[in-house]
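Student: I have a new structure to look at, and I would like to learn how to read it. Could you walk me through its features one by one?

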Amino acid sequence: MAGFFDDPFAKRGFLDTEVFHMASSITSSSPRIFELSESLMTQAMRLFPGGVNSPVRAFGGVGGSPVVMQRAEGPYLWDVDGNRYIDYVGSWGPAILGHAHPAVVRAVQETAAKGLSFGTPNALENQLAEKVMTLMPHLERIRFVNSGTEAALSAIRLARAVTGREKLIKFEGCYHGHVDALLLKAGSGATTLGMPNSAGVPPSTVAGTLLAPFNDLEAVGALFERYPDEIAGVLIEPVAGNMGCVLPKPGFLQGLRAFCDKFGALLVFDEVMTGFRVALGGATARFGVTPDITVLGKIIGGGLPVGAYGATHAVMKWVSPEGPMYQAGTLSGNPVAMAAGLATLEALSQPGVFERAEQASAQLLHGLTLACCEAGIAASGTSLGAMAGLFFTGNCVENYTDALKSDTKRFARFFHGLLQSGAYLPPSQFEAFFLSAAHSPEVIEETLSMARCVLATLHD
Ligand code: PLP
């Protein structure tokens, strides 16, 4: 197997074929029991809204009771009842090396032993920033925050500060965290739960947010023609991962760049999901289009809470304390989170590691589309870098309207079939699958054989 001996999980035996065969026989046995999960969820329902601390975890898009996980290693999750799953959620993106990667765990343990947070500058901030800028050389300065939401919120404030304008263009089905101004036709949990707009967001807060369909340059052009001097920025997930996985059409991102240049607006790429995932240099490197501001999260924290936004020196000099745009954070640049992010990016940029994750994604998607075809089930799929998506619709999905035409009931049956067999997909038709370098060809093949069995039962 290519790269097997470079893989720390392989050295620790996670990819051992005996384990693999043993696990296969376990997953094909009698129905799984979720007794402890169910009782913990009964308790959680009393403690948290919907029993969860982030909505999409609630299984609202697929029905049933969430599975409570206890442990994760490599490509696997184990729930509190002892059931094992091949994981395609990867903590919603950060786990690109696989779970509990030894180098990341070691970095966290060693750093934590020296103190958890100082509220002062620390050397690890510099090291992670240098690493990020090496992988994304268009960034001349960055600012660390604690989540993707915070990073997106700060990025739009920055675009408004620099341009002195108020309006923003956002795309239907894209999600940028729970930022008030951006909770309009938002993807991810908002779409999954059928509430793409949120209560509690005053109309005045979203009055400056203009919507366009993803992949529709004409609509963007019409907005710029209508408000030529008022648009501060165009904010986009360059690959939309929060309505499934939807690629930009050739020329779309370039067209956005040209509109921003023509009308003096800033192009903001939200690479919270795509950064270090669709390519080591993110969507910017993959598509050769350079944004003015980049929003980062997920992988940059290696599983701990981190976000960041970055740009050229000329743009970042607007940020406090150098400039007039205020933004701050008690735990920003926290050493333990910095250490996790740095260890993750260092391991990910070793030769062959990113490529393993990318190949896993391509293998999964190829196998799933073939399996759907053989089962006579209409589906359309995409894989780019280490993310993928499968819509249960025969039509090509280019935007939010197309995505919403998918057969969500069939997806729910597919999800539960795989859950019973031993694979954990994102619990929503409108989320991307997250692959990792720990998903070996054998692990993917095991998933595909489960998927073939489930798909054979999905006819109406
Ligand atoms: N932007 C994108 C593209 C995301 O996918 C997400 C979360 O899924 C966010 C922003 C928000 O990040 P966080 O959940 O860390 O606040």
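Student: Where does S91 lie?

Tutor: S91 lies in the loop between β3 and α4 (102–112). Helices (H or I, at least four residues) and strands (E, at least two) are DSSP runs, numbered from the N terminus. The phi of S91 is near 60°, a positive value in a residue other than glycine. Before going on, keep in mind that this is a predicted model, where local features need pLDDT of at least 70, side-chain atom pairs count only at pLDDT 80 or more, and totals for chains, interfaces and linings use all residues. Residues are numbered from 1 along each chain as its sequence is written, and side-chain values use heavy atoms, with hydrogens and water left out.

Student: Thanks! How do I read a sheet, and in what order do β1, β2, β3 and β13 come?

Tutor: Strands of a sheet pair through backbone hydrogen bonds, either parallel or antiparallel. Two strands are taken to pair if DSSP finds at least two bridges between them. Here the four strands form an open sheet in the order β1-β2-β3-β13, with mixed pairing. The edge strands, β1 (69–73) and β13 (423–424), each pair on one side only.

Student: How many bridges join β1 and β2?

Tutor: Four bridges, in the antiparallel sense. Next along, β2 (residues 76–79) and β3 (residues 84–87) are antiparallel over three bridges, and W78 stands opposite R84 in β3.

Student: Which helix lies across β2, β3 and β13?

Tutor: That is α17, running at about 105° to β3. Such angles are taken between axes, which are lines fitted to C-alpha atoms, for helices over the stretch in contact; they run from 0 to 180 degrees between N-to-C directions.

Student: What is the order of the open sheet of three strands?

Tutor: Its order is β11-β12-β14, and its pairing is antiparallel. β11 (380–384) and β14 (433–434) are the edge strands, each pairing on one side only. Five bridges join β11 to β12, and S380 stands opposite F391 in β12. Across β11, β12 and β14 lies helix α14 (residues 353–375), at about 10° to β12.

Student: Now for helices packed against each other. At what angle do α4 and α13 cross?

Tutor: Their axes cross at roughly 155° and come within 8 Å. Angles under 35 degrees count as roughly parallel, over 145 as roughly antiparallel, 65 to 115 as roughly perpendicular and the rest as oblique. α4 and α13 are therefore roughly antiparallel to each other. For handedness, a crossing is left-handed if the near helix is turned anticlockwise from the far one by less than a right angle, and right-handed if clockwise. The crossing of α4 and α13 is right-handed.

Student: Which residues of α4 and α13 make the contact?

Tutor: Contact means heavy atoms within 4.5 Å. A103, V104, A107, V108, T111 and A112 of α4 meet P335, V336, A339, A340, A343 and T344 of α13. By class, this contact of α4 with α13 has ten nonpolar, two polar and no charged residues. (Ala, Val, Leu, Ile, Met, Phe, Trp, Tyr, Cys and Pro count as nonpolar, Asp, Glu, Lys and Arg as charged, and the others, Gly among them, as polar.)

Student: How does α5 pack on α13, at what angle and how far apart?

Tutor: Helix α5 (residues 123–135) packs on helix α13 (residues 335–348) at about 35°, with the axes 9 Å apart. α5 passes α13 in a left-handed crossing.

Student: How many salt bridges does a search of the whole structure find?

Tutor: A salt bridge is a side-chain nitrogen of Lys or Arg within 4 Å of a carboxyl oxygen of Asp or Glu. The search finds ten. One pairs E398 with K249, whose closest N and O atoms are 3.3 Å apart. The pair links distant parts of the chain, 149 residues apart: E398 is in the loop between β12 (387–391) and α15 (400–404), and K249 is in the loop between β7 (231–236) and α10 (252–263).

Student: And which peptide bond is cis?

Tutor: The bond from S320 to P321 is cis, with omega near 10°. Look for P321 in the loop between α12 (313–316) and α13.
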